[in-house]
Amino acid sequence: MTKTRTAAVKTLTRRPAWKALAEHYKKIGNVHLRSLFADDPRRGARLTAEAAGLYLDYSKNRITDETIRLLVNLARECNLRECIESMFEGRKINVTEGRAVLHIALRAPRSEKIVVDGVDIVPQVHAVLDKMAVFSERVRNGEWLGYTGKPVHCIVNVGIGGSDLGPVMAYEALKHYSKRALTFRFVSNVDGTDFEEATRDLNPEETLFIISSKTFTTLETMANAHTARAWALSALHHQGAVARHFVAVSTNASEVAKFGIDTENMFGFWDWVGGRYSMDSAIGLSTMTAIGPENFRAMLVGFRAMDEHFRTAPFEKNLPVLMALLSLWYNDFFGAETVAVLPYDQYLKRFPAYLQQLAMESNGKRVTVGGAAVNYQTGPVYWGEPGTNGQHSFYQLIHQGTKLIPCDFIGFCRTLNPIGRHHEVLMANLFAQTEALAFGKTEDEVRAEGTAEGLAPHRVFEGNRPTNTILAERLTPETLGKLIALYEHSVFVQGSIWQIDSFDQWGVELGKVLATRIIPELESVAEPRLKHDSSTNNLIRHYRKLKGGRS
């Protein structure tokens, strides 16, 4: 490593604010939340922030006012405000691919002007949204007819990564608002089981496939697309049927046409939209078809509200910034390796999986934008399940295990499905969990309850486990947009401070390249000449032997 690169590596940890945080951690790292709350009776009301209809309680974090001051200082020393403006102004902050990062343009109003390479892109965005609206209404109203003249009732979204995780998450999250006469399925895994189970009860005459692939060459997506094509034609018996049962979300018109899709039914997007940031682009065509254009545009309004808050609010009251800084505090100073996202709403059951790609593909990086290896931890692992299911699964480890796991709890004050006292029980559990994680139960308290001597240690809860609580009135399309944008910008803030490129994903390439080399070795009738390592060679031979008696 050159001297220049070595210097670049240590830039972040040599900053005065970083060093101040390291010293501050030594002083308060072991201070218990019981003490922090006892010393400040107003802490629970004071350490909160509210914007765009989202309420954040961050008082149950292992922080003081000084912690926040130092974290904000770090953000300022890392020129976060300039980084934010660079993104919103369309500068090419995805440095390894030489691209602007403008998912914020996907929810810009028609009156806004955002210029990329001399072109105002906002009219293009709205032209695609308008085209999506016309198409989705035709499907929803029964006007889109299949090859045999029957209306389409079943929509299958075929994609992978951001072309699947966003649409399926949004469909599940907004199912309450969806048109129930339509059936929606999602196929992403190249495992044939995924396609088989998604289509086994569908009628090809009434099924429409949305093939989502920017290049229309993605291996997994196109394998599923060609299987879908064969499945449809086996029943419809005419190549012309493809144009009535397939539409594309892509930028590659020639490949779309070669597949048999009418390019009039191709919905485009742009290289300044990363896959994991694309669910509010044409990638959301299945979402719009499910919930309708009006609800989809309401979701965009929610995105936009959080965008504006993020761009303009002071860091001390800025929800994405606060959440990012708190996550960095635990990741880099406490050594916490994961973040649990725990939505107390069944509709958000796929939200943690969506955030896994958003956060881990963005910030799972080991070098800075300049190519120098970092000497600090970057992106944590994101995971989670809806409450209260997780309480009977992994909460044991969070409460009494040896690992520190910061948690984001998400709840709604009004349920979309009022049934008896279910919602009060649900929300009581959310509030109780954050209380238990923060304050725990001491051994003296356990003994005072009359617990047997030998059992007392097992019933002690250390507490001091940090949580954020995010509350909104209810889960609407607009609220979902705000939540997604909240995490999008939080991820961006962390990447900016860590000096990494949050918008490339070179880490997904190597395995895919090697897979294309291995596929013919698995399919070959003749014994292939294997040139992998001894383990991979042996696995391939064992697979071939068990699959078809080949050695």
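Strand E12 (residues 407-412) and strand E13 (residues 467-472) run parallel to each other and are joined over six bridges; strands are DSSP runs of type E with at least two residues, helices runs of H or I with at least four, both numbered from the N terminus, and two strands pair if DSSP finds at least two bridges between them. Within this pairing, glycine 411 has leucine 471 of E13 as its bridge partner. Helix H18 (residues 422-439) packs on the sheet and touches E12 and E13, where contact means heavy atoms within 4.5 Å. The direction of H18 makes about 155° with that of E12; angles run from 0 to 180 degrees between N-to-C directions, and axes are lines fitted to C-alpha atoms, for helices over the stretch in contact.

The model is predicted: local features need pLDDT of at least 70 and side-chain atom pairs count only at pLDDT 80 or more, whereas totals for chains, interfaces and linings use all residues. Residues are numbered from 1 along each chain as its sequence is written, and side-chain values use heavy atoms, with hydrogens and water left out.

The open sheet comprises six strands in the order E1-E2-E13-E12-E10-E11, with mixed pairing. Strands E1 (48-51) and E11 (381-383) are at the edges and have a single partner strand each, so one side of each lacks a neighbour in the sheet.

Elsewhere, glutamate 172 lies in helix H8 (residues 162-173). Glutamate 172 counts as buried because its relative accessibility is 15%, the cut-offs being under 20% for buried, over 50% for exposed and in between for partly exposed (1.4 Å probe, protein chains only). Beyond its neighbours within four places in sequence, glutamate 172 contacts Tyr347, Lys349 and Arg350.
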